[in-house]
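Please read the points below alongside the sequence and the model.

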Amino acid sequence: MSVRAVTHLNFRGDAREALAFYAAAFDGDLTVVTYRDAGSVQDPAEADQVMWGQVSTDAGPSLMAYDVPSGQPFDRGESAFFVSLRGDTAEEIAAHWKRLAEGADVLRPLAPAGWAPLYGMLRDRFGVTWVLDVVREYQA
């Protein structure tokens, strides 16, 4: 058995839209459970919001997300976290970049960098900052 980290994103009312976007960006499988599905409705206006959602792929990228209920504090934040997507080839990273960049603010264009054959950073239309790069062995 292995353990792996999965990024968990928090939203307020747009988790389903975000998950669908990420499923398309990564050619992933989407699973969504609403508060109604789980029998955990606290506010009827939020019954169809996402209590638990997941995008999983055969290629590796996976993430989870949910809609924070209105009764709980939520602050989207500016730079509380980045999601790092690291690949072995420029082709796979460029393909993910192209899809994630739809409606995004490019913070650093995807290009060669001193530490990676290809590196870029963007903030997608949901406010999530993604760092994409092609992995190479670090040499001190």
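The points that follow go from the whole chain to selected parts.

1. Overall make-up. The model is a predicted one. Its protein chain has two helices and eight strands, and from the N terminus on these elements follow the order β-α-β-β-β-β-α-β-β-β. Taken along the principal axes, the C-alpha atoms fill a box of roughly 55 × 35 × 25 Å.

2. Of the 140 residues in the protein chain, 37% are buried. Among contacts with a separation of 6 or more, 53% are made by residues 24 or more positions apart. The accessible surface of the chain comes to about 8,400 Å², and carbon and sulfur atoms account for 50% of that surface.

3. Charges. The protein chain carries 12 positive and 20 negative charges.

4. Helix H2. This helix spans residues 90-100, and Ile93, His96, Trp97 and Leu100 are buried in it. Seen down the axis of H2, the buried residues fall within an arc of 105°, and therefore they line one face of the helix. The face turned away from that buried side carries the exposed residues Glu91 and Lys98.

5. The cover over H2. Which elements cover the buried residues of H2? The cover includes helix H1 (15-25) together with strands S5 (82-87), S6 (105-113), S7 (116-123) and S8 (129-134).

6. Aromatic residues. The structure holds seven aromatic pairs. One of them joins Trp115 and Tyr119 in an edge-to-face arrangement, with 5.0 Å from centre to centre and 75° between the planes. Trp115 counts as partly exposed because its relative accessibility is 48%, whereas Tyr119, at 12%, counts as buried. Separately, one aromatic cluster is formed by Phe11, Phe21, Tyr22, Phe26, Phe126 and Trp130.

7. Arg36 is found in the loop between strand S2 (29-34) and strand S3 (50-56). Is this residue buried, partly exposed or exposed? With a relative accessibility of 48%, Arg36 counts as partly exposed. Leaving aside neighbours within four places in sequence, Arg36 is in contact with Val41, Ala47 and Asp48. Arg36 and Met51 are 15 residues apart in sequence, while their C-alpha atoms are 8.6 Å apart in space.

Key. Residues are numbered from 1 along each chain as its sequence is written. This is a predicted model: local features need pLDDT of at least 70, side-chain atom pairs count only at pLDDT 80 or more; totals for chains, interfaces and linings use all residues. Side-chain values use heavy atoms; hydrogens and water are left out. Rings of Phe, Tyr and Trp (its six-membered ring) pair if their centres lie within 6.5 Å; planes under 30 degrees apart count as stacked, over 60 as edge-to-face and the rest as tilted. Buried means under 20% relative accessible area, exposed over 50%, partly exposed in between (1.4 Å probe, protein chains only). Helices (H or I, at least four residues) and strands (E, at least two) are DSSP runs, numbered from the N terminus. The arc is that of the directions from the helix axis to the C-beta atoms. Contact means heavy atoms within 4.5 Å. Accessible areas come from the Shrake-Rupley method with a 1.4 Å probe; for residues, only the protein chains shown count as cover. Lys and Arg count as positive and Asp and Glu as negative; His and the chain ends are not counted. The place of a charge is taken as NZ of Lys, CZ of Arg, CG of Asp or CD of Glu.
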